[in-house]
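Trainee: I would like to learn how to read this model. Please take me through it feature by feature.

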Amino acid sequence: MRNRRRGTVALLLTVGAGLVLTLALIPSGPIAPNRAPGAPSSPLATDSSCGGAPVPPILTGTLTDEGTVLPQPVVANATVHGTVEFETTDTSKYGTTVTCGPTTAQGTVNASGGFVLNLTLPSGSCGPTGCLSYSGPYTPTSYRVVGGSAPAYFLRSARNGSQVTLDWVAALDSATTSPNEFGTVSVDAPTTLLANAWDGAGDPSTANVTYAWQLAGTAWGSTGPVDGSTFLVNGTVAGQPGTVTLWVNGSFNGTAIALPPVHLYLAAAETAAQDGSVYPSALDVGVPAVLTLNATGSGGYVYAASLSPGLGGTERNVTCRTVAASGGTVDVSCAFSVTYEEAGEVAPEATVTNGYSAASYTYLPVVVSAAFAVSVGPDPAEAYVGGPLHVQVSVVPHTGTGPFGPACLLTGDGRFLCDRSPGSSWTLPVTYSNPGTYSGVVTVADSSLVNRTVGIGITISTLPTTPSVSLDRSTVELGDSVTASATIAGGAFPLTYWWNASALHGTVDTGVTFSDAIPSATFTPGTVGAQEVTLTVVDALGTVVASDAPLTVEGDVVGLVAVAPQTNESVPAGTAVAVAIHGVDSLRNFVPAFAANVTIRVASGCGTVWLNDSSGAVPWGENSSAALGAANWTDGAAELTVAASSAGPCAIVVASPLLAGPAEIRFQVSANSSDLRLIDPDYVRAGPTDNSTEYAIVDEFGNPDRSGYVIVETAIGAVRTTVDSPIHDGSAGPTVWVNFSATQPGSGVLTVLSETNRSLLMVRISGPAGTTGLSALDEVALVGVALGAVLVAGVVVDRRRRAAAPAARAPPEDPDEPLRRLAEGRSHVLSRLAADHDTDLDGVADGFPGPPPDAAELAEWIGTLVTEGIVRPSVGPDGRPRFRLANPDDRPAGPRVEVDPLALDAALARRDFDAADADDERPPA
C-alpha cells in the first residue's frame, strides 16, 4: 500500500452486502506530540482517494479460448488474478488522511472455464493514537492469468456488474477476401479484391501481416502488386470461371503465424436485355406511354438506361432498380415515360449498362395516331317538344386510336345517355319535354383512354301555331290599299313567311323573323271580285302553316268589251262567230256578271244575221237589233254566237244605256265558206323525234275542203321545226302532211294556220324502242303552258263556236261517251280542289277513277272550268300554277255533275274529231 501519511488508519471492510467494518490502525512510527491546550486544530488531510466506481466484492467469471492457432492457451486449472483499488482512511488526533491503493484476489478456473474472485479488504483497527479503516473495492480493475499466455495470443477482459469474461484471443486467427468465397463481376469491369486479417474475436488483426495473391483461369487477368492488401482482376469473357488464392502470414510479439490459404472463385457476367413492354402500344399524340425494360447483370454495380423514343422525341435517361438473384447476379428493371407530339409508327430503342457492360433492346412498333378529334352535328341541333332529336357523333378520320366508344351525351337537363357499341360514328336519339335552349356535351373515348368532349347547342321549340290573318277591312273599292296582319308564334327560328293575294296578284310581301312577331303587308288589289289574302309560314325545321282571310274588291263598270277570236279577220259565210261580252272597270279588268241590259245590233253589211243565245237562234235583218237581259250573263260574260249569210264587211255593235260608249266587233264574211279542221288523233302516238303525220281537212260543216294550205304558226314544247305542206287529195279526201322535228321525246303543241282560221294540234314524240319519253306529270306541266297558248289564241272558244253553228250534223253512234268522259273529268277536277287552299297540277291529275287522262284531256277539263269561272288559277312560292274553287258551292256532291251547255259544246267537238279518225281508219284520240 502506498503510504500517504503516517497515522492512525481506520479500515472499513465490507462484509457481505452493505456491512462495513471500521478498524483503527495505530501507526508504527513516532507519534506526534500532543498539541498544547488552546492551540489551533490542524486541517483535515484529504490529499488522495479512489476515484473509480464501486466493484462487487465477489466476481464470478469465465475464461475462454477464442483462437485456433496452435499451441492454444491452457484454460482449465489456470489461476486468475484480479486487481482492484481500495481506500484507506487514517484518523488521529492530528486529523484524517485518505489514501488509495490496489488489492489483488485470485481464483482457480474449473474444467468449464469458470472461476470466482473474492475481493477481501484488510481488517480495520484502532490504537491509542488513532484508527485505520478500509473501503472498496473500486475500479479500475485488471486481470491476468498466472503462467503467461500462449504464443500469438492476448488476453481480453470485460466486466458487466459482478460477471467477468476473460478471453484468450489469437492475434491472427483467420483471413478472408472481399468478395468472399465466390465473386461475380461484370465483364470488362476492373475489380478490386480486398484481403482482410482477423483475430480470434472477429476483429481486425493486430498482428503484423503479409499477403500473397495468385490468379488462375482463362480470360482472367490481373494488374498491380500480388503482395498487397488489394488485388485487381478483370474478366473479359462471360461464363469463364476464375480462381484467386490468397496466402496470409503474420507475427505477434515475436511469434510467427501462418494461416491456411483462402480461395475465391470468380465468375464474369455480362449485362443482357431480357424483355421490354410498351403500354399502350397504340396511342394518341399527347398521351403518355410507359416503356419498361428488364435485364440481368452482375451485382455490385449501379445500372442506368437510356431510351431513344423516335418521332422527334428527346432521349430519356433513368436509373434502374436491381434485385439480388442467384450466383451474385441481379435482376434489373428500368422504366421510361414518353409522350409523343407527332403521329407515326416507330420502334423505340433502349440501352442498359453498368458502366462496363451494356445491352440494347428494340421494342415492337408503337403506333401513334393524330390527336383524337370528334365532330358533332347538327350544331345547333333543333327539334320540337316531344319530337325525336338525333345527335350525330363521328370520330374525325385519321385521328385517335380505335376501337372507339362509348359515345355519351350529357343532355343539359340532367340526363346522361350513352351508346356503348364500338364504332367511329353514332346516332344518339333524345327527346325533350320542355322548350328552351340546352347546352349539351358529347364525350367519346378511344382505346388510349383519351376522352374527347365536344359541346353542342340544342334548341327545343314548340310547333308553330297557325296564324290568324286579319284585314283592316274586308271590302274595298278598286284602287284602295289593304293592310293584312297576323300573329306568328312558336316554331323553330328563323321563320320565313310570305303574303299571297289571289286574283292574279301572287306574292305581295316576304319576310324573316327570329322571334314571335306580328308581320303585316299593305298592297293595292288590281282586280275586282272575291279574293283571299294568305299568310304562309315555314320554320327552320320545314313545318308549314298557312291561313287566309277573304277580301272583296268592288269596281264600277265603265265600259264593255266584245271579244271574238275572228275579230277583223275573214270568215266564210254561215260561219258562227263566238262573241263574249264583258263589263270592264277603269283598269280594263273584267267585272263579273254585269247584269245591265245590253243592246246588240248590226251596224253595217252582213246580210241576214242569226243570233244564237240561251233562248235559241233568232234571225236578224240588216241593221236589226236584239236585247240581252241578266239571264244571258253566265260566267261573268254574255256569250252568244253570230252568223252572217252573205259575204262582205260586217260590224256588230254592243251597247248599254248605262254606259257612255259601245263596243264593236268587225269581221269580213268571205264567199268561200271553207274552214280549217284537222281531223286526226289529238296526239301522234308513234314515230321517232323526226316524223310527219297526215291530217284530213274538212270545212266547218264536215265537208271535204280542197282549198288553201297549212302554215305552222307557233311551236311549243318538244317540237323544234316543221315543214309547211299544201293541201292534196288523199285516200280519205283532202289531206295535209304536217312534218315536224323534235329536240327530245315528249309532248309538244303546234298552232297551225290556214287561209281562214287557226287550229291547235297536240303532238307526242316517242323515243327509241324501250324508252318512255317524258313522264305523265312532265306532260301535265307542259300542257299547262299549252293551255295558256290555247286560251290566248281562242281555240277553246273557237271549238265552242263551231260546235254551236246552225249546221246539220249526223248524230254520232254513241253521243254520250265523250259527254260522259268530259263530265267525269270535270267532276274529278272539282273533287280535287278546295276553296280554302291551292292545288297544283300533280294534285289535280292524281287519283282519276277511270283510265288516266292524257295531257290534252287534263288541259281541256281545267280550261273549260277556268273559262267558266268555276276554277280560279293562282301561283305558289315555287312559281308553279295552282288552282282552287272560286266558290265552295261548286264542289260536286258525287262522282258526276250535270253537264252544262259549255261542257256539251266541248264534248261534241271532241266527238266529231274521233268520228273523223274512225273514217280515216286511225285509232281515236
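Mentor: Start with burial. Buried means under 20% relative accessible area, exposed means over 50%, and partly exposed lies in between, using a 1.4 Å probe and protein chains only. Arg884 has a relative accessible area of 5%, so Arg884 is buried. This is a predicted model: local features need pLDDT of at least 70, side-chain atom pairs count only at pLDDT 80 or more, and totals for chains, interfaces and linings use all residues. Residues are numbered from 1 along each chain as its sequence is written, and side-chain values use heavy atoms, with hydrogens and water left out.

Trainee: How many salt bridges does the structure hold?

Mentor: Definition before count. A salt bridge is a side-chain nitrogen of Lys or Arg within 4 Å of a carboxyl oxygen of Asp or Glu. The structure holds six.

Trainee: With which residue does Arg884 form a salt bridge, the closest N and O atoms being 3.6 Å apart?

Mentor: That partner is Glu532. The pair links distant parts of the chain: Arg884 sits in strand E70 (residues 881-885) and Glu532 in strand E45 (residues 529-538), 352 residues apart. Strands (E, at least two residues) are DSSP runs, numbered from the N terminus. Glu532 is buried, because its relative accessibility is 16%. Arg884 also meets Asp548 in a salt bridge, at 3.7 Å from N to O. Asp548 lies in strand E46, and 336 residues separate Asp548 from Arg884. With a relative accessible area of 25%, Asp548 is partly exposed.

Trainee: Which residues do salt bridges that share partners join into one network?

Mentor: Arg156, Asp199 and Asp203 form that network. Take one contact in it. Asp199 and Arg156 meet through their side chains in a salt bridge of 3.6 Å, N to O. Asp199 belongs to the loop between strand E13 (191-198) and strand E14 (208-216), while Arg156 belongs to strand E9 (residues 153-160), 43 residues apart.

Trainee: Is Asp199 buried or exposed?

Mentor: Asp199 counts as buried, because its relative accessibility is 3%. Arg156 reaches 31%, so Arg156 counts as partly exposed.

Trainee: Now strands. How does E9 pair with E10?

Mentor: Two strands pair if DSSP finds at least two bridges between them. E9 and E10 pair in the antiparallel sense, over eight bridges. Look at Arg159: its bridge partner in E10 is Val164.

Trainee: Which strand do six bridges join to E10?

Mentor: Strand E3 (residues 58-65), and E3 and E10 run parallel. Thr62 stands opposite Thr165 in E10. Strand E10 (residues 163-170) is mostly covered, with six of its eight residues buried.

Trainee: On to the backbone. Where is the peptide bond to Pro378 cis?

Mentor: From Gly377 to Pro378, with omega near -15°. Pro378 is in the loop between strand E31 (374-377) and strand E32 (381-384). Another cis peptide bond joins Asp379 and Pro380, with omega of about 5°. Pro380 lies in the loop between E31 and E32 as well.

Trainee: What is phi of His398?

Mentor: Phi is near 65°, a positive value in a residue other than glycine. His398 is in the loop between strand E33 (389-395) and strand E34 (407-410). His398 counts as exposed, because its relative accessibility is 77%. Ala219 is not a glycine, yet has a positive phi of about 65°. Ala219 is in the loop between E14 and strand E15 (220-223). At 23% relative accessibility, Ala219 counts as partly exposed.

Definitions and conventions. Helix = DSSP H or I, 4+ residues; strand = E, 2+ residues; numbered from the N terminus.
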